[in-house]
Amino acid sequence: MSNSGRLRIIGRRLLQSIPVVVLSTFIVFGLLKLVPGDVAVTLAGDNASDQRIAEIRELYGLNQPFFLQYGSWLWKAAHGDLSNSLISNEAVLTSIQRCLPHTLLIVVLALLTAMLVGIPLGIAAATKPGSWIDGFVMAIASLGVAVPNFWLGMLLVAFFSLQLNWLPATGAVSLMKDPWASLSHAILPAVALASGGIAEVARQLRSSLVEILSSQQVRTLHAKGLPPSSILWRHGLKNVSVNLLTVVSLLANRMLAATVVVEAVFAIPGMGGLIVNGAMNRDFPVVQGVVFTMVLIVVTLNLLTDILYSVLDPRISS
Amino acid sequence: MTDAVMAPERRPGRFSGFVRWFVSDLRGAFSLTFLVALFVISVLGPWISPYAPAAQDLDAALATMSTQHWLGADDLGRDTLSRLIYGGMASLYASFLAVTIAVLIGVPVGILAGYLGGWVDAVISRIIDSFLSFPAIVLAIAVTGALGIGLTNGMISVGIVFAPQLARLVRARTLVVRNELYVDAARCFGGSTKRILWRHVLPNAIQPVIVQVTLLLAAALLAEASLSFLGLGIQPPDPSWGGMLARAYQNMEIAPEQMYPPGLAILFTALAFNTLGESLRVALDPTMKRN
């Protein structure tokens, strides 16, 4: 494929993602419309002064028509102004900049764990379908999907922190300040978060690999006398790498959701704590800011996957 | 002889088909039995649970398993088994509520998008894409933040988050079904759009939905447990599996065994829904061979 062809695909995907981003911001802002009663009075909380209520009315431009409210909110958000917390008055963007690295560290570690454990499991199951290894891997996968991440986190804390005293139970350290302490705090939450991912990667890899390994193409390779290992690595895995890409981008989305609860277990000051406290205290700018950031991350990831997809698999471009 | 040839082949009845499935698919059968048992226990909860779920007996606080308290008691001396039974009722109710909402929104939207096509489909598909880029629980938490804390609000938002998944599935299926000959035939005979959708498209597009609904029940159960664990779902003192885990976690160093009953209950129920879903996928798919 020519370079200009590639650029054209990337351009088209970028254009296609614009409506999704705009609609998502619309949904994020529209959440405000779900607040029952007079929004300003509800958000100001009990015993709020009239002045406070007026401030909040001003903040969201509640006296203006809806689309004007939305427009000015979007304009500010696009310039990095996600307004201030109603409780602490801290700029929401500052809170997010402080919390996001903790969340990203866990999610990235969990993704790596899911791949590092899931891929070998999937290969082992696919090369001997129907064997006890296959049964074992599929049983692990079923459990991994059904186990609540936060409960797994609690079990890990009980065993590795309280009983063996190997790893810290709670808290987080910045990766920049002390990489070693930071990783040791992030390992248990990442493993708790990775359980569903391991299952998903192993399952997907197994099913697509089994399909490929039983295909005519592979039978021909066997007939040609190629060693099984070379068939697996050069022909099998190369063909399923595209499927794996889809799974990973899907997992990133799910893990961003699950991390909210896992962070609560490990008392990590990340995006999860931010949005849960925001929702409990009706600190709406914070809630909107966190959702907005997460949606941007997901949309960007989907876009990257789409582009990688069309680069890896030339058939898609047509 | 001629009679035997002329007689139409007798198709197995629904019940005997069910029995055959039940015997041939042990995992699916076991899951279904587990879920039915859970449902019966939940419904009978008020009559069979040994204590009232909120009854406190401070002498038994954090008690371990005993003949009085089969699964021990929490830090306020409330019987764990009783709370588990009542919490199960709440969890099942919450899961079904969320999935019902997802079906009521997702199925009609998917069918309309797939059948009408054109700009309706384009608009709906973009909206579906946008909703799918929200991490599920995050949107549910945000909606809870807007509507106010409570189980019903939380599960409505979980239902709204799940709806696009169903809509996308139904849309894809409808795209296939609407080009089938029998739909063309119905149109030629002057069937109204409404009638065609109800009588021909819906029944043929619904099959993958049944599988997906079973899988979504597991996801909804986990979402409810997560929300209640965070304190955004079922509010104490009402019992919930997620809420029980939150309490057990606070007292983990004194009574670690309190973490197991609610955790295992969530795990097994989610596992049963997932396993049943996979079994249904095989059982309902006419192209897959049954042994």
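**Entry 1. Second largest cavity**

I looked up the second largest cavity and noted about 40 Å³ of space in it. The model is predicted: local features need pLDDT of at least 70, side-chain atom pairs count only at pLDDT 80 or more, and totals for chains, interfaces and linings use all residues. Residues are numbered from 1 along each chain as its sequence is written, chains are lettered from A in the order in which they are written, and side-chain values use heavy atoms, with hydrogens and water left out.

For the term cavity I used a set of points, on a 1 Å grid over the protein atoms alone, where a 1.4 Å probe fits but cannot get out; lining residues have an atom within 4 Å of a point. The volume is the space filled by probe spheres set on the points, which are joined across faces, edges and corners.

I listed the lining as A:Val21, A:Ser24, A:Thr25, A:Val28, A:Phe292, A:Val295, A:Leu296 and A:Val299. Helix 1 (3-30) and helix 12 (284-312) of chain A each supply at least two residues of this lining; helices are DSSP runs (H or I, at least four residues), numbered from the N terminus. By class I recorded six nonpolar, two polar and no charged residues. Here Ala, Val, Leu, Ile, Met, Phe, Trp, Tyr, Cys and Pro count as nonpolar, Asp, Glu, Lys and Arg as charged, and the others, Gly among them, as polar.

**Entry 2. Largest cavity**

I noted a count of two cavities of 30 Å³ or more, and the largest holds about 50 Å³ of space. Its lining includes A:His102, A:Leu105 and A:Ile106, as well as A:Ser182, A:His185 and A:Ala186. A:Gly171, A:Ala172, A:Val173 and A:Ile268 also line this cavity. Helix 5 (92-127) and helix 8 (179-213) of chain A each supply at least two of the lining residues.

**Entry 3. Interface of chain B and chain A**

I found 42 residues of chain B in contact (heavy atoms within 4.5 Å) with 43 residues of chain A. The two chains bury about 3700 Å² between them, 81% of it on carbon and sulfur atoms; buried area is the accessible area (1.4 Å probe) lost on putting the two parts together, summed over both.

On the side of chain B that touches chain A, helix 7 of chain B gives the most, with 10 residues. By class this side has 30 nonpolar, eight polar and four charged residues.

Conventions: 1 Å grid on protein atoms, 1.4 Å probe; cavity = no way out; pocket = protein on both sides within 12 Å on 5 of 7 lines; lining within 4 Å.
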